[in-house]
There are 2 protein chains.
Amino acid sequence: MTQAHQLSPSSPASSASSASPTGRARLMDGTGLARRILAETALRAAALTARTGTAPCLATVLVGADPASVTYVRMKRNRCREAGIASRQVELPAGTTTAELVRTLTELSDDPGVHGILLQHPMGEHIDERAAFEAIVPEKDVDGVTLGSYSAMSFGLPGFQSCTPGGIMRLLDAYDVDPAGRRAVVVGRSAILGKPVGMLLLGRDATVTYCHSRTRDLSAEVRRADIVVAAVGRPELIRGEDIKPGAVVVDAGYNPGNVGDVHFDSAVERAGLITPVPGGVGPMTIATLLEQTVTGAERRSER
Amino acid sequence: MTQAHQLSPSSPASSASSASPTGRARLMDGTGLARRILAETALRAAALTARTGTAPCLATVLVGADPASVTYVRMKRNRCREAGIASRQVELPAGTTTAELVRTLTELSDDPGVHGILLQHPMGEHIDERAAFEAIVPEKDVDGVTLGSYSAMSFGLPGFQSCTPGGIMRLLDAYDVDPAGRRAVVVGRSAILGKPVGMLLLGRDATVTYCHSRTRDLSAEVRRADIVVAAVGRPELIRGEDIKPGAVVVDAGYNPGNVGDVHFDSAVERAGLITPVPGGVGPMTIATLLEQTVTGAERRSER
């Protein structure tokens with residue numbers, strides 16, 4: 001990973017490992033990029049609202065009152081408001097059954113006033129998460145959680161992206177990281193993060209390795225990576241000594257205490273580009289969600 | 001890959017690399033295993049026919065008269081006959097449009113007398129292959145070509161497997177190759193072979209690397225593999241010198257002249273287990289197709 005990591009096409013190409021005079025990695029500023037995406041999204045939302053008389057609308061569905069989930073949903077609704085996107089809040093008691101949740105999601109899927117549906121997860125263990133996700137119609141799956149959206153990501157077909165993987169790809173693009181021919185190592189294999197981000201990287205011609213809890217020598221795998229995506233939810237699992245000098249390090253982990261899956265202080269000394277936590281991948285996830293909501297509303301208005 | 005490659009649970013475990021006194025790899029006998037699967041399948045088909053009065057039925061759909069495709073379809077129909085599975089042959093002219101093909105597949109999907117649908121591919125370039133595949137309902141997708149089947153394979157959900165990947169996993173199981181914790185390298189990333197076999201291996205806890213035409217140093221990737229699946233359709237691309245001693249080599253390539261993607265004569269000297277071409281993966285593909293057809297018919301009879 002020594003070629004051309006640049007902030008914008010107009011800035012000069014520079015070797016990643018020499019990007020900073022101190023030898024430290026350049027930070028991939030997710031907060032700044034997300035702000036630009038949200039500003040564009042707000043303009044599109046305003047134009048659509050002016051043209052159709054109706055603002056794009058995201059329905060947020062929350063089951064129970066898990067504090068982290070409550071916070072996430074509130075953040076998403078706040079960002080919606082700032083971007084001129086209406087949001088409809090559906091709060092269901094913790095004891096909601098799968099059947100009841102499916103019914104709610106089916107109604108939202110059928111509701112012409114709703115353009116995107118966010119089902120906050122994880123939900124309670126008594127809920128069949130897959131059945132719930134699949135009750136969301138593809139045209140409103142702006143969080144990219146359905147099997148259809150996953151397949152679309154896998155095969156490069158039209159569809160909404162899972163928001164964190166989609167946000168990661170936007171971040172790579174913004175820093176001119178071309179995955180083609182590079183070794184990308186994805187640590188984690190969840191349905192909404194690890195698996196789809198690997199498929200997106202494969203679609204961009206990276207040589208992709210999936211690692212996980214059963215991988216025998218994770219350090220050896222990570223040491224070979226030109227691009228590391230940490231998406232496993234284990235605090236500081238990946239240490240600087242395992243980062244290939246100049247590599248691109250994307251930390252999609254979220255753990256208590258604002259700690260990622262990467263040990264930042266050691267990794268920043270070896271990487272060429274690295275996402276901070278917070279301020280890296282996190283803001284990109286929300287920006288992608290809102291952008292896809294407006295896209296959904298635009299498409300609906302064109303039908 | 002030094003543990004316990006054994007033909008059956010009752011045979012003694014032995015180191016793969018010492019499996020043969022000459023140091024050559026043991027062959028993974030797809031022909032023999034497929035024969036056993038087909039015999040079981042025939043018993044199940046006979047029982048179902050006796051119970052319901054109707055034989056399981058596979059519809060084969062062929063567009064045009066590509067000689068290889070004609071041969072494949074004929075082989076599949078012959079195997080059906082031997083296994084007591086009815087087959088319904090649909091032959092469409094080469095100029096068939098996507099819309100016409102979709103209509104045919106939709107009719108077969110709706111037809112209660114058809115339990116499985118095989119759409120022979122590749123089809124002509126004027127046909128939207130994805131649209132055609134998606135016209136097959138999941139319950140009859142016994143060839144495992146739809147997006148829904150792919151997602152199911154990716155997430156370990158119930159569904160039919162893509163036949164070649166499913167057959168490969170059966171072959172690994174028959175030789176007691178446990179992918180858990182092993183490095184598996186999949187060469188190729190097609191929708192019906194490379195991508196799904198990687199997902200099945202990942203589901204079995206392998207550390208999975210996808211390689212392809214843009215991979216920079218294929219030899220280096222293959223040399224690290226405990227399990228190699230060659231699925232790219234380039235004759236003898238993978239040479240023995242790149243095979244890790246004792247590795248399991250699965251050659252899913254099919255090229256003119258009965259040549260696989262692996263250079264067999266050199267690979268057999270290094271591998272612990274290897275599939276011959278022909279007689280390795282090929283027969284397993286058809287066996288899986290027929291087995292899944294009977295499973296589809298059994299499920300229908302239970303509804």
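Reply: The model is a predicted one. The cover over the buried residues of α2(B) includes β2 (57-63), β3 (86-92), β4 (116-119) and α10 (281-302) of chain B.

Me: How do you know what span to expect for helix α2 of chain B?

Reply: Helix α2 (residues 67-82) of chain B has 16 residues, for which 22 Å is expected at 1.5 Å a residue. From its first C-alpha to its last the helix reaches 23 Å, close to that expectation.

Me: Which residues of α2(B) are buried, and why are they said to line one face of the helix?

Reply: Ser69(B), Val73(B), Lys76(B), Arg77(B) and Cys80(B) are buried. Viewed down the axis of α2(B), the buried residues fall within an arc of 100°, so they line one face. The face turned away from the buried side carries the exposed residues Pro67(B), Arg81(B) and Glu82(B).

Me: Why is Thr288(B) called buried?

Reply: Buried means under 20% relative accessible area. Thr288(B) has a relative accessible area of 5%, so Thr288(B) is buried. This residue is found in helix α10 of chain B.

Me: What makes the pairing of the Thr288(B) side chain with the backbone oxygen of Met284(B) a polar contact?

Reply: A polar atom of the Thr288(B) side chain lies 2.7 Å from the backbone oxygen of Met284(B). The cut-off is 3.5 Å for a pair of N or O atoms, so this distance falls within it.

Me: Which residues does Thr288(B) contact, leaving aside neighbours within four places in sequence?

Reply: Thr288(B) is in contact with Cys163(B), Gly166(B) and Gly167(B).

How values were computed: Residues numbered from 1 in each chain as written. Chains lettered and ligands numbered in written order. Predicted model: local features only at pLDDT ≥ 70, side-chain atom pairs only at ≥ 80, totals over all residues. Heavy atoms only, no water. Helix = DSSP H or I, 4+ residues; strand = E, 2+ residues; numbered from the N terminus. Expected span 1.5 Å × (residues − 1). Buried < 20%, exposed > 50% of the residue type's maximum accessible area, 1.4 Å probe, protein only. Arc of directions from axis to C-beta. Contact = heavy atoms within 4.5 Å. Polar contact = N/O pair within 3.5 Å; in protein donor to acceptor, adjacent residues only side chain to side chain.
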